[in-house]
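Look at the structure below and keep the sequence at hand. We will walk through it step by step.

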Amino acid sequence: SKDSDHAVVVAVASRAVFEPGAGGGDGVYAEGVAFPLLQALQKVNERLLEENSAESLLFDIVLITTDSQQQQQSSQLISSTKHYGLEVSRFCFSTEEDFSESLLKNNVQLFLSTDRNEVSQTSQKGVLSALLDEYTASCPSEQLRVLLCGDAVIRPDTNPTPASRQAAQSFSARLGKMRQRFGMSDSPLSITLMTSCGGRDSCGGALQTLRSLGISADEAYCLAGAPQGPILSVLRPHFLLSDGFSGLED
Amino acid sequence: MSEMKPSDVAAAEDSSEEQDWNAAKTFFDSLKSNKPRPPKPRFAVSIAVSSRTLFNMVAERKIYEEEGVEKYVAFQVEHENEPLKPGPAFPFVKVGLRTSLFTHFQLAFNLSDLTIERFCMTGGKSPIGYLEAYMTNLYLSKDSDKVTEAIEAGIAAATVFMPEKESELSDTQLRVAFDGDAVLFSDESEIIVKQHGLDTFFEHEKHFENQPLAQGPLKCFLEALGKLQRKFYSKNERLNCPIRTFLVTARSAASSGARVLKTLRSWGLEIDEALFLAGAPKGPLLQKIQPHIFFDDQMFHIEGAKDLGTIAAHVPYGIGQKYHKGKLIEQPAKKE
C-alpha cells in the first residue's frame, strides 16, 4: 500500500516506456528505452516491502501521455502495462497545454522523458525533470542507479531556479532515506555523485551537502576537468539530476 | 589539473607523523604558485592509485576485515578530519606530482580518503571500466585480484608493498626500476629457465638474440615514461630530466643480456641504466639506486627489495607466480 503522504511520485512519459506505434504482438506495445528504469523502480519497491511490509516510503509510478495517438489507444497502454507486470498506479492523459499543470496536480516529484523540449518546459514550470538520453541506461539492471551531478553543466539548456534546486534536494533526500533502508552491499538502489569541474574541495563539499540532506553516496567521482563521456558510459545511470548539490558558495 | 581556489590549510600539530603530510600538502599547494617549474609536458602520465597504497591504512583495513564494512565506514567518518600516514606509493606519487609528470586519480572506498584533485570512489566495484575509460597508464593497488584483472585488460598494474626501512629518496627526480622478464618482457624466457634450466636458457637466448622478446605487462608504462623523457630531451634538458629508468635483471650481460637490449631498441625504447646481476640478489643494488618504485614479477625479489628499504611492487604475471625460489608452489585448495 502507498500512503500518499510518503510516496515518491515519479511520472514517466509513456512514449519512453513503450515504443510508439510499434506492435509487440498480441496488441501489446514493445518495450521502450525507459522500460528497464521502470523495472528498477519496481524492484526497489519490492525490496523495501521485503524489509518492512508496512513501508510507506515507496515509488508511486505514473505514466503520462500527451501523444493523442496513444490516448486513443489508452486501453492498449493499460493492457501492455499489465502484460509486462509493470506496477503503474495511475495513467494520466493530458493535452500539451495542461501537461505541466497535470504533473503538479498529481504531486509529481520527478518527471522523466526522452523528449528534450518536454523536459525543458516542465522544468521551467517547477517540476523536477530529467532527460533520458544516450547516457542513461536502457539495458536491464538489477539496481536502480541514480547520478547526482554536483557542479556539472550537463544540461546547458536548463536554468536551475531556486525552486528547482529545492525540488532536486528534497527528491534526493527521499531517495537517501530509501537508501538507508538497505545495507552497504546488495542494495537495489545506488546513488552516485559526480562533480565535473571543481577539484577535491568542490566534490568534498558536495558530499557534505548530501550528507546534510541525509544522503550517503555509494560512489563519488571528482573528474576535475576530465571529460564526462567515458565515466558516463561506465556508470550507465538510469537518470541523472543536476543542480542543487554544489558544495561551493552559490 | 584544474585551477583550485586557495584552501585553508587546517592547523595541524607538528608531530613527526604529520610532517610528511604537511610536506606533501605544501608540495601539492606549490603547484598552484607562480614559482618557476620544470617545463610542463603536454603529455602527462595518468596513474591510478588505491587509497591503501597512497596511505598507510593498516589499522583501518584490520577493522574492515575483522568487524565488517559498516564498522569500517563508521570509523572512517569518525576520523575523517585526521590526516592519514603515507603509504608505499606516496613518494612515487608525490615526486611525480611535484615534477608535473603525472595527472592522476585515486580510487578509494570511503570519502575520508580524499586528498587528490581527481578521484573515484567506486564503492568496492571493479575499477577496470574506469581505468580503461581514462586511459590509465599505471594502476597501483594492494588488491592483487584487481591488479590481475587490470593486467588481463592490458593495463600496467602492480601491488605495492611498504618497505621494512625508510630510505632517502630524491625529491626532484622520479626513479623507476623494472625487472625484465615477465615485467617489461613476456615470460617466454622465464618459462625456459623454469622448465629446462639455465643452460638451455643461455643457449636459447644466444640463438634468438636478434629476435625481440614479446612485450610484458609494464612495457606500455615504460613507453609512457619514455614519451615524457623525450619532451625533456627535445628541450635540451637531458641532464636535468626528472625521470630516470632502470632495468634490474637477473640475466647476465655476457650470456643473455644482448637480447634484452636489442628488444628495447627494436621497440624504440630507451632505458637509462641496465643492470645485469647474473643471478645476484637485487636488494643491495636497489638500495644504491633508491628508486621510488621497483617492479618485479617474483615475490622472492620483492621481499629482498623490501628488506633493504626499497618500495617494491609485485606484477602478478606469468610463470613466476607458480614458483617460489625456483620451486614449484603446491597450489593450496582454493578458499570458497
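## A histidine and its neighbours

Start with B:H314. Leaving out residues up to four places away in sequence, B:H314 touches B:A158, B:T159, B:F161, B:D296, B:D297, B:Q298, B:M299, B:I302 and B:Q321. Keep in mind that this is a predicted model. B:H314 sits in strand β12 of chain B, which covers residues 312–314. Is B:H314 buried or exposed? Its relative accessible area is 8%. The limit for buried is under 20%, so B:H314 counts as buried. Now compare sequence and space. B:H314 and B:F300 are 14 residues apart along the sequence. From C-alpha to C-alpha, B:H314 and B:F300 are 10.0 Å apart.

Now step back to the two chains. Chain A has 250 residues, and 54% of them count as buried. Its secondary structure consists of nine helices and eleven strands. Chain B has 336 residues, with 49% buried. Chain B holds 13 helices and 14 strands.

How do contacts relate to sequence? Take the contacts in chain A between residues at least 6 apart in sequence. Of these, 74% join residues at least 24 apart. In chain B, consider contacts with a separation of 6 or more. Residues 24 or more positions apart account for 72% of them.

The surfaces come next. Chain A has an accessible surface of about 10,500 Å², and carbon and sulfur atoms make up 45% of that. For chain B the accessible surface is about 16,600 Å², with 51% belonging to carbon and sulfur atoms.

Turn to the inside. In soluble globular proteins, nonpolar side chains tend to be buried together. Here, the largest nonpolar core has 58 residues. Which residues touch the most other members of this core? They are B:F92, B:L140, B:V176, B:F178, B:F221 and B:F295. Helix α10 of chain B, residues 219–234, gives the most to this core: seven residues. There is also a second, separate core of 53 residues. Among its members are A:A16, A:F18, A:A130 and A:A220.

Next, look at a pair of helices in chain B. Two packed helices are described by the angle between their axes and the distance between the axes. Helix α3 of chain B spans residues 58–67, and helix α4 of chain B spans residues 69–78. Their axes come within 7 Å and cross at roughly 150 degrees. Angles over 145 degrees count as roughly antiparallel. So α3(B) and α4(B) are roughly antiparallel to each other. Which residues meet here? From α3(B) come B:E60, B:I63, B:Y64 and B:E67. From α4(B) come B:V69, B:K71, B:Y72, B:F75 and B:Q76. The residues of this contact divide into five nonpolar, one polar and three charged.

B:T263 belongs to helix α11, residues 253–266. Its relative accessible area is 0%, so B:T263 is buried. Beyond residues up to four places away in sequence, B:T263 touches B:F185, B:Q211, B:P212 and B:L213. B:L269 lies in the loop between α11 and β10 of chain B. B:L269 is buried too, with a relative accessible area of 9%. Setting aside neighbours within four places in sequence, B:L269 is in contact with B:K219, B:L222, B:E223 and B:L264. B:L269 and B:D297 are 28 residues apart along the chain, and their C-alpha atoms are separated by 21 Å.

B:A278 is in the loop between β10 (273–276) and α12 (283–289) of chain B. Its relative accessible area is 54%, so B:A278 is exposed. B:A278 is not a glycine, yet its phi is positive, near 50 degrees. A:N107 lies in the loop between α5 (99–105) and β6 (110–113) of chain A. A:N107 is not a glycine either, and has a positive phi of about 60 degrees. At 43% relative accessibility, A:N107 counts as partly exposed. A:C197 is in the loop between β9 (189–195) and α8 (200–212) of chain A. A:C197 is partly exposed, with a relative accessible area of 42%. In sequence, A:C197 and A:L223 are 26 residues apart. In space, A:C197 and A:L223 are 6.7 Å apart, C-alpha to C-alpha.

Terms used: Residues numbered from 1 in each chain as written. Chains lettered and ligands numbered in written order. Predicted model: local features only at pLDDT ≥ 70, side-chain atom pairs only at ≥ 80, totals over all residues. Heavy atoms only, no water. Helix = DSSP H or I, 4+ residues; strand = E, 2+ residues; numbered from the N terminus. Buried < 20%, exposed > 50% of the residue type's maximum accessible area, 1.4 Å probe, protein only. Contact = heavy atoms within 4.5 Å. Areas by Shrake-Rupley, 256 points an atom, 1.4 Å probe, with all protein chains shown as cover. Core = buried A, V, L, I, M, F, W, Y, C linked by side-chain atoms within 4.5 Å. Axes fitted to C-alpha atoms, helices over the stretch in contact; angles between N-to-C directions. Parallel < 35°, antiparallel > 145°, perpendicular 65-115°, else oblique. Nonpolar A, V, L, I, M, F, W, Y, C, P; charged D, E, K, R; others polar.
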